[in-house]
Amino acid sequence: MLKSELINIIANKQQHLKLKDVDLAVDCIIETMSQALIANDRIEIRGFGAFTLHYHRARLGRNPKTGESLNLSAKYALRFKPGKELRDRVNGSILAAPIIMSDE
């Protein structure tokens, strides 16, 4: 789903809100979440999941194609852990759908 699709879905469900207002609200939410992660805060949305940052120290890596050694710099990686309600909803909908096997 694209951001524009999300905005359109919300605007269609909440017809008393202008599209411009929904766009502004979504932008505000994304910016607030970004600023929280920049400040190394944990974001938890009950029933949906939690966003956290995990630190990866600098290390020596290898290019899998050439085998050449590379110095990998330290970095933060964003992690998302889905909440139980979201996991259950996703698993329930996927398990309920028929599995289609292709002949290829």
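Modeller: Helices (H or I, at least four residues) and strands (E, at least two) are DSSP runs, numbered from the N terminus. In this structure, Phe51 is found in strand β2. The model is a predicted one, in which local features need pLDDT of at least 70 and side-chain atom pairs count only at pLDDT 80 or more, while totals for chains, interfaces and linings use all residues. Residues are numbered from 1 along each chain as its sequence is written, and side-chain values use heavy atoms, with hydrogens and water left out.

Colleague: How many helices and strands are there in the protein, and in what order do the elements run from the N terminus on?

Modeller: The protein has three helices and five strands. Starting at the N terminus, their order is α-α-β-β-β-β-β-α. The radius of gyration, taken over C-alpha atoms, is compared with a globule rule of 2.2 Å times the number of residues to the power 0.38. Here the radius of gyration is 20 Å, well over the 13 Å that the rule gives for 104 residues, so the protein is more spread out than a compact globule. Its C-alpha atoms fill a box of roughly 60 × 50 × 25 Å along the principal axes.

Colleague: What percentage of the 104 residues is buried?

Modeller: A residue is buried under 20% relative accessible area, exposed over 50%, and partly exposed in between (1.4 Å probe, protein chains only). Buried residues amount to 12% of the 104 in this protein. For areas, the Shrake-Rupley method is used with a 1.4 Å probe, and for residues only the protein chains shown count as cover. The protein exposes about 9200 Å², of which carbon and sulfur atoms supply 57%.

Colleague: Which residues is Ile7 in contact with, and is Ile7 buried or exposed?

Modeller: Contact means heavy atoms within 4.5 Å. Ile7, placed in helix α1 (residues 3-13), is in contact with Leu19, Val22, Asp23 and Val26, leaving aside neighbours within four places in sequence. Ile7 counts as buried, at 7% relative accessibility. By contrast, the C-alpha atoms of Ile7 and Asn63, 56 residues apart along the chain, are separated by 41 Å.

Colleague: How is a pair of aromatic rings described?

Modeller: Such a pair is described by the distance of the centres and the angle of the planes. Rings of Phe, Tyr and Trp (its six-membered ring) pair if their centres lie within 6.5 Å; planes under 30 degrees apart count as stacked, over 60 as edge-to-face and the rest as tilted. A search of the whole structure finds three aromatic pairs. For Phe51 and Phe80, the ring centres are 4.8 Å apart and the planes are at 45°, so the pair is tilted. Phe51 lies in strand β2 and Phe80 in strand β5 (residues 75-82), so this pair ties together parts that are 29 residues apart in sequence. Phe48, Phe51 and Phe80 form one aromatic cluster.

Colleague: Is Phe51 buried or exposed, and which residues is Phe51 in contact with?

Modeller: Phe51 is buried, with a relative accessible area of 17%, whereas Phe80 is partly exposed, with 36%. Leaving aside neighbours within four places in sequence, the contacts of Phe51 include Met33, Leu37, Ile43 and Leu78, as well as Phe80.

Colleague: Where does Gly47 lie, and which residues does Gly47 touch?

Modeller: Gly47 lies in the loop between β1 (43-45) and β2 (49-56). Not counting residues up to four places away in sequence, Gly47 touches Glu85 and Leu86. The C-alpha atoms of Gly47 and Leu86 are 6.1 Å apart in space, although the two are 39 residues apart in sequence. Gly47 counts as partly exposed, at 32% relative accessibility.
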